[in-house]
Amino acid sequence: MKTGDIELLIEIARFEDSHDMEKEYKIGWSWRHVRIWPATLSRLFKDGYLENVFRSNSHTGYRLSDLGKKLVVGAESEDNPVVSNEPIQTDELFEDIIGHDDVKELLTACLLADKPVHVLLAGPPALAKSLFLWNIERASGEKAIWLVGSATSKAGLWDLVAERQPQIILIDELDKMNVADTAALLSLMEGGRLVRAKRGRELNLSNQLRVVAASNRTGILSPELRSRFAICKLVAYSRSDYLTVVRGVLSRREGLDRELADEVARRLDGISQDVRDAIRVARLAPQLGIDKAIRLLVGGDVDEK
Ligand SMILES: Nc1ncnc2c1ncn2[C@@H]1O[C@H](COP(=O)(O)OP(=O)(O)OP(=O)(O)O)[C@@H](O)[C@H]1O
Ligand SMILES: [Mg+2]
C-alpha cells in the first residue's frame, strides 16, 4: 500500500456513505465520481481494496471491497481525524491585505474562537472582501472549502460538506447562492447537523464548522440568513486609505517601483476610489503613459502633460 492510499480509501468511503449505492450507483461509481485517476483505482483494485462491479468500454464501475472497508474503519477509529482539528495558523494570515485592521482582528478572533462565530463581509466592490477569503483558504489548506454563490457545484453544498468534512466554508457572492444550498447552509450554521430529506439520512458534523462569506449586498439576503452572521461592513476607502492601498497593491503585487506606484496613486486621487482602476492604469501605463491611461480608462479631469 502506498502512502496516501488510506486517505483515498477514506475519501471513497465518504463518497459511498453520502450516496445510496443501490439506487444511484448500481453499476458502481467511476473515477469521475470520486475524482481519483483511473490508474490509481486500477491499482487499488489489484491490491484488493476495491471490487469491480461492472466493466464496459465506457464505464468501469467500482465499489469498496470488504478489505477496503475494514481498512477505513480501522484508520478512522485510530482517533486520527483525516482533517486535523488544529486551529489554523493566523500569523501573517492577512499579510497581503493593506489596512482593514478591524476586519483582520475580527476574522482572526472568529477563526480562533472555541465555538463558531460566522462572519459576512459586506460592502461595495474592490474592498478586498474576496482577498480575505483567499487568504483564509491559503492558510487553511484541506480544512476549508471554497464556494462561489453564483457557481455552486453540481453536487451541492450538502454533498460537498459530507465528502470533505471541512472546518471552514468560504462563500463568495453569498447573495447569489441557490435556494437548495442556502437551505443547507441555514441548517449547518446552526447546529452542524444536516438532514437530507430525500432519504432521511443525517450527517452530524463537528460543531466546529464555521462560515466566512462575502457579498456586495445584504439587503436581499433572508432575515434568517443575515441573523446567523456577524455582519462586518466594509466602507468605501477614504481618499487617504485609497492612496495607501493603491501604493501598496501596485508596488507589492503589480511590481511597480515605489515612485511610479506613488504617481499613479496621486494622479487617481479624487478621480477614482476603485483599486481595480489603479491596477488597470498601472498595466496600461507602459504603453499609454499614466495620464492617457487614466483618461481612457477612467475619464475625469486629467491634465495631460
Ligand atoms: N486593502 C487592500 N489590500 C490589498 N489589496 C486590495 C485591497 N483593497 C483592494 N485590493 C485589491 O483590489 C482588487 C479587488 O479586490 P477583491 O476582489 O478582494 O474585492 P471585493 O471586495 O471582493 O470586490 P467585489 O465585491 O467586486 O467582489 C484585488 O486586486 C485586490 O488585491
Ligand atoms: Mg469579490
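How many helices and strands are there in the protein? There are 14 helices and nine strands, where helices (H or I, at least four residues) and strands (E, at least two) are DSSP runs numbered from the N terminus. This is a predicted model, in which local features need pLDDT of at least 70, side-chain atom pairs count only at pLDDT 80 or more, and totals for chains, interfaces and linings use all residues. Residues are numbered from 1 along each chain as its sequence is written, chains are lettered from A and ligands numbered from 1 in the order in which they are written, and side-chain values use heavy atoms, with hydrogens and water left out.

**Overall**

- Of the 305 residues, 45% count as buried; buried means under 20% relative accessible area, exposed over 50%, and partly exposed in between, with a 1.4 Å probe and protein chains only.
- Among contacts with a separation of 6 or more, 66% are between residues 24 or more positions apart, a contact being heavy atoms within 4.5 Å.

- Five strands make an open sheet with parallel pairing, in the order 4-5-8-3-9; two strands pair if DSSP finds at least two bridges between them.
- Strands of a sheet pair through backbone hydrogen bonds, either parallel or antiparallel.
- Strand 4 (144-148) and strand 9 (230-233) are the edge strands, each pairing on one side only.
- From one strand to the next, the twist averages 15°; axes are lines fitted to C-alpha atoms, for helices over the stretch in contact, and angles run from 0 to 180 degrees between N-to-C directions.
- Strand 3 (residues 119-122) pairs with strand 9 in the parallel sense over four bridges, and V119 stands opposite A230 of strand 9.
- Helix 6 lies across strand 3, strand 5 (168-172), strand 8 (210-215) and strand 9, and runs at about 160° to strand 3.
- Helix 7 also packs on the sheet, where it touches strand 3, strand 4, strand 5 and strand 8. The direction of helix 7 makes about 155° with that of strand 5.

- Strand 1 (residues 50-55) and strand 2 run antiparallel and are joined by five bridges.
- A hairpin connects strand 1 to strand 2 through four residues, and R55 has T60 of strand 2 as its bridge partner.
- Y62 is found in strand 2 (residues 60-64) and counts as buried at 6% relative accessibility.
- Leaving aside neighbours within four places in sequence, the contacts of Y62 include G28, W29, L41, F45 and V53.
- Y62 and I27 are 35 residues apart in sequence, and their C-alpha atoms are 7.7 Å apart in space.

**Aromatic pairs**

- Rings of Phe, Tyr and Trp (its six-membered ring) pair if their centres lie within 6.5 Å; planes under 30 degrees apart count as stacked, over 60 as edge-to-face and the rest as tilted.
- By this rule the count comes to six aromatic pairs.
- One of them is F94 with F132, an edge-to-face pair at 5.1 Å centre to centre with 65° between the planes.
- This pair links distant parts of the chain, 38 residues apart: F94 is in the loop between helix 5 (66-76) and helix 6 (101-112), and F132 is in helix 7 (residues 129-140).
- Both F94 and F132 are buried.
- W29, F45 and Y62 form one aromatic cluster.

**Helix 12 and its surroundings**

- The buried residues in helix 12 (residues 258-268) include A261, V264, A265 and L268.
- Seen down the helix axis, the buried residues of helix 12 fall within an arc of 95°, so they line one face of the helix; the arc is that of the directions from the helix axis to the C-beta atoms.
- These buried residues pack against helix 11 (239-253), helix 13 (275-288) and helix 14 (290-298).
- G270 follows helix 12 and has a positive phi, near 85°.
- D291 lies in helix 14 and is buried, with a relative accessible area of 11%.

**Cysteines**

- A search of the whole structure finds zero disulfides, a disulfide being a pair of cysteine sulfur atoms within 2.5 Å.
- For C110, the closest cysteine sulfur is that of C232, at 8.7 Å, too far for a bond.
- C110 is buried, with a relative accessible area of 7%, and C232 is buried at 11%.
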